[in-house]
Amino acid sequence: MKFLPLVPDGQTPVRVLTIAGTDSGGGAGIQADSRTMALCGVHACVAVAAVTVQNSVGVSGFHEIPPQVVADQVRAVVGDIGVGAAKTGMLASTAIIESVAAVCQEVGIGRGRTPLVVDPVAASMHGDPLLHEEALDAVRHTLIPLATVVTPNLDEVRLITGIEVIDDASARRAAEALHKLGAQWAIVKGGHLRSSAVSTDLLFDGDRFLEFTAPRITTGNDHGGGDTLAAAIACALANGYSVPDAVEFAKDWTYRCLAASYDLGAGHGPVSPLWRLAHS
């Protein structure tokens with residue numbers, strides 16, 4: 001696998017900002033983002049948008065951070081430290097989404113400027129809601145139009161576009177629908193299409209479709225897989241990769257994280273970037 005460059009000791013690495021929710025179980029959200037960023041050789045900055053109460057079994061509650069506080073975190077980081085890319089995860093409400101979109105536009109994050117990966121988190125892998133239903137319109141019309149690349153899973157594709165992805169033709173229709181909402185590039189991920197022997201992610205920029213395929217790994221320990229993919233894309237973009245090259249890197253990274261996943265608690269264990277430690 002091609003690794004992202006590591007800077008010498010004492011030299012400031014590339015910075016990436018994640019704007020997302022926490023996971024008290026450590027498997028997804030900001031924790032998953034930060035793990036991947038660190039093991040990709042990137043300095044992770046965070047803007048906490050929500051605090052979840054969860055473990056390997058599910059999410060039992062969450063607390064939203066005041067929208068102005070979320071925006072202030074972004075403003076503070078970008079104004080002082082600077083970032084080469086940013087990603088969003090769980091934003092929970094219309095007010096937080098609108099606040100994040102406004103501050104990203106203010107500081108130069110998003111479409112055509114500092115790359116922005118939008119992971120439109122709507123529910124946990126257990127089906128627990130992580131986004132108020134009325135906030136879907138804000139995702140469609142306020143957040144996605146800022147995206148350099150948008151990375152929904154198949155459940156989120158259905159919620160956002162109304163398209164049920166069951167095969168290649170419906171995946172292409174969904175990618176077109178996501179692109180029409182304003183994203184520069186749209187990914188329709190195949191990881192949840194369990195009927196397929198391989199996992200194929202479809203990338204579309206309004207003109208061309210690109211496919212990224214990996215063998216399907218049969219495991220229940222896939223918590224944080226979507227966060228890991230989006231974070232890895234952001235890391236590669238911050239290192240100057242094109243979107244297709246960033247997605248190719250992230251697809252391979254996530255496959256290896258799935259292969260290294262481990263049991264944790266009584267439910268779903270996390271994908272793990274710790275494999276990278278053996279290849280340093």
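1. In helix H5 (residues 154–161), Leu154, Glu156, Val157 and Ile160 are the buried ones; buried is under 20% relative accessible area, exposed is over 50%, and partly exposed lies in between (1.4 Å probe, protein chains only). They sit on the same side of H5, because they span an arc of only 155° around the axis, taken from the directions from the helix axis to the C-beta atoms. Helices (H or I, at least four residues) and strands (E, at least two) are DSSP runs, numbered from the N terminus.

2. A word on the model: it is predicted, so local features need pLDDT of at least 70 and side-chain atom pairs pLDDT 80 or more, while totals for chains, interfaces and linings use all residues. Residues are numbered from 1 along each chain as its sequence is written, and side-chain values use heavy atoms, without hydrogens and water.

3. What covers the buried side of H5? Helix H4 (136–143), helix H6 (168–180) and strand E7 (185–188) are included in the cover, with contact meaning heavy atoms within 4.5 Å.

4. Leave out residues up to four places away in sequence, and Ile109 touches Leu17, Val74, Val78, Val83, Ala86, Cys104, Thr114 and Leu116.

5. Leu264 follows helix H8 (243–259) and is partly exposed, at 35% relative accessible area.
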